[in-house]
Amino acid sequence: GNAGHAVRAASVTALEAIEDAPQRGTPDILLCGDDVEAASIEDVTRLCTRLCKDLPVIQLTDDYNHGGVLTAMAAGARDLVSYQGAAHLKHLEQALLREYATHAHMRELNQMRTRLADFESRHKQLLDGTADAVAHIQEGILSHVNPAFAGLIGYDNPDDLLGLPLMDLISSEFAPKVKEFLKQLNKGKVDDKPLECGLQKKDGGNVNISAKLTRGMVDGENFIEMLIRAE
């Protein structure tokens, strides 16, 4: 029996049939008998990796032993399980539940990564197209600058500013104030108040700004966003 779990199964006996499986629906788990002569476990796991990202493969055997487990997992299987006897069938049930949950979580994670990448791409397009000046600072270094920010201080190419320390762009008389502001920002003590200071332009002049600074994270790295409204 299936111990009360809803299961929809399909049996295949050749690698070519596995290749067609994703066209009939996305599988959650693949069980591979060690007595299938048409394909080795290595061939099956290699094909599954190519066709269905993170698809778990469990190898079935009637000769369960520790060495077999290691061999199966070295070949890419998530587990080796016997189907002989009630205890082994309980092991199979638990392995299936574990791998089903893991696969569902990985699928959800991959979907979220795709959505995040799309969001970040759209966000970058918005930053590049807005009239507001925006710069991202990581560990005191400019990591992203939009065209409006570059133009504000006299640069034609935003890439020319990447890698520069933010403090190199701060007018000298405002340096102590900006350093203290950044220190308080990292402690969460600025309460959305703007930073008013001066920026040095490429031609040596200065421009006074009122900037909103907020903390964020991208790819696991902290950054500070400096936003200067066009008006």
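What share of the contacts between residues at least 6 apart in sequence join residues at least 24 apart? In this chain, the share is 46%. Keep in mind as you look through the views that this is a predicted model.

**View 1. The whole chain, from one end to the other.** Welcome to a chain of 231 residues, 32% of which count as buried. Its secondary structure consists of 8 strands and 6 helices. If you follow the sequence, these elements come in the pattern α-β-α-β-α-β-α-β-β-α-α-β-β-β.

**View 2. An open sheet of 5 strands.** Here the strands lie in the order E5-E4-E8-E7-E6, and their pairing is antiparallel. Strand E5 (141-145) and strand E6 (195-200) are found at the edges; each has a single partner strand, so one side of each has no neighbour in the sheet. From one strand to the next, the twist averages 40°.

**View 3. Strands E4 and E8, side by side.** Let us look at one pair within the sheet. Strand E4 (residues 133-138) pairs with strand E8 (residues 221-228) in the antiparallel sense, over 5 bridges. To find your way, look for Ile137, whose bridge partner in E8 is Ile224.

**View 4. Helix H4 on the sheet.** Helix H4 (residues 86-129) packs on the sheet, where H4 touches E4, E5, E8 and strand E7 (206-218). The direction of H4 makes about 85° with that of E5.

Note on methods. Residues are numbered from 1 along each chain as its sequence is written. This is a predicted model: local features need pLDDT of at least 70, side-chain atom pairs count only at pLDDT 80 or more; totals for chains, interfaces and linings use all residues. Side-chain values use heavy atoms; hydrogens and water are left out. Helices (H or I, at least four residues) and strands (E, at least two) are DSSP runs, numbered from the N terminus. Buried means under 20% relative accessible area, exposed over 50%, partly exposed in between (1.4 Å probe, protein chains only). Contact means heavy atoms within 4.5 Å. Two strands pair if DSSP finds at least two bridges between them. Axes are lines fitted to C-alpha atoms, for helices over the stretch in contact, and angles run from 0 to 180 degrees between N-to-C directions.
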